[in-house]
Amino acid sequence: MTDTPTDYLDPRVLNKVGRLELRARLVVEGFVTGMHKSPYRGFSVEFAQHREYVAGDDLRHLDWKILGKSDRLVIKQYEEETNLRAHLFLDQSESMNYGHDGGMAKFDYAATACASLAYMIQQQADAVGLTLFDEDVAKQLPPSNTRAGLGNLFHALEQARARNKKTKVGAVLHQLATQLRQRGMVMIFSDLFDEPDAVVRGLRELASRGHDVVVFHVLDRDEVEFPFERMTLFEGLEQMPELLCDPKSLRDAYLAEIEGFAEAIRKGCLQQRIDYVRVVDSMPLDVVLTSYLSARAARAKRRK
């Protein structure tokens, strides 16, 4: 059977698409179609205030609710942050190299998500940059809104690999928070395998400096389902030893631990008004991004 464009949104099939730029375009076109309305302006246009209508104003921006309640003609004004600066932080520590049989590694999945969002942000004429990190910052590309800048970002993602390094998410986020001088949007893609308190402190530092922070907590299907049945040799990552054990005896305790870990991060984000998006790498990327952008748009509408 011939693959259709929709088929490519399945992570297993998407992983076979060689060029990252093509993957990004397929994903973005998929979730634009899914939303039935272009979200290209969703990150950078926010309702600001009303002003009185004057002759010649575009009637499409008239606030009909206020007209119906008070017979006043007022226009909705919007802040178009054409200078939005988006920073994509991508974890390339060793644990991100894990992927279930037949699926994408967490790093490849997260890199494709980064490429897709970068493509979308550049299409709305805003600036997007990339930071690769593990226990330290490995590579940084400053935000750019040019096609050449997007090409450099794609190239950096194509060349990047999960490295044989440990994760120090909290320390890296603290370091990056001190470096970002202008307020912007920060989107973090990581399995966050660090002490939850350290991660939350790093996120708090970013939020306290006025950044709009979004956490995409990327986990593998095996990590959230623990489907192993037979005696298994688990390979240690990030300098952890191998472990031979009966997974059935560990399953309940493991699942409780991973759920507790994720919940601690989620609550920490909630307290700081940081968006937390839990992502399992078996989920179609267009579904992940459509769901998030729809929720974000709904919140913005409620604030009007």
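Two strands count as paired if DSSP finds at least two bridges between them. Keep that cut-off at hand for these exercises on a predicted model.

**Exercise 1.** Work out which strands pair with E6, and in which sense.

*Solution.* Start with strand E3 (residues 85-91): 5 bridges link E3 and E6, in the parallel sense. Next, take strand E7 (residues 212-219), which runs parallel to E6 and is joined to it by 6 bridges. Here Phe189 stands opposite Phe216 of E7. Finally, follow the chain: E6, helix H7 (residues 196-208) and E7 form a β-α-β unit that is right-handed.

**Exercise 2.** Find out why E6 can be called largely enclosed by the rest of the structure.

*Solution.* Recall that in a regular strand the side chains alternate between the two faces of the sheet. Now sort the residues: Met185, Met187 and Phe189 point one way, Val186, Ile188 and Ser190 the other, and all are buried. Because 6 of the 6 residues of E6 (residues 185-190) are buried, the strand is largely enclosed by the rest of the structure.

**Exercise 3.** Locate the buried residues of helix H6 (residues 169-179) and say what they pack against.

*Solution.* First, list them: Val169, Gly170, Val172, Leu173, Leu176 and Ala177 are buried in H6. These residues span an arc of only 160 degrees around the axis, so they lie on the same side of H6. Last, check the neighbours: the buried residues of H6 pack against E3, strand E4 (127-133), strand E5 (137-144), E6 and H7.

Terms used: Residues are numbered from 1 along each chain as its sequence is written. This is a predicted model: local features need pLDDT of at least 70, side-chain atom pairs count only at pLDDT 80 or more; totals for chains, interfaces and linings use all residues. Side-chain values use heavy atoms; hydrogens and water are left out. Buried means under 20% relative accessible area, exposed over 50%, partly exposed in between (1.4 Å probe, protein chains only). Helices (H or I, at least four residues) and strands (E, at least two) are DSSP runs, numbered from the N terminus. A crossover is right-handed if, with the strands pointing away from the viewer, the path from the first strand over the helix to the second runs clockwise. The arc is that of the directions from the helix axis to the C-beta atoms. Contact means heavy atoms within 4.5 Å.
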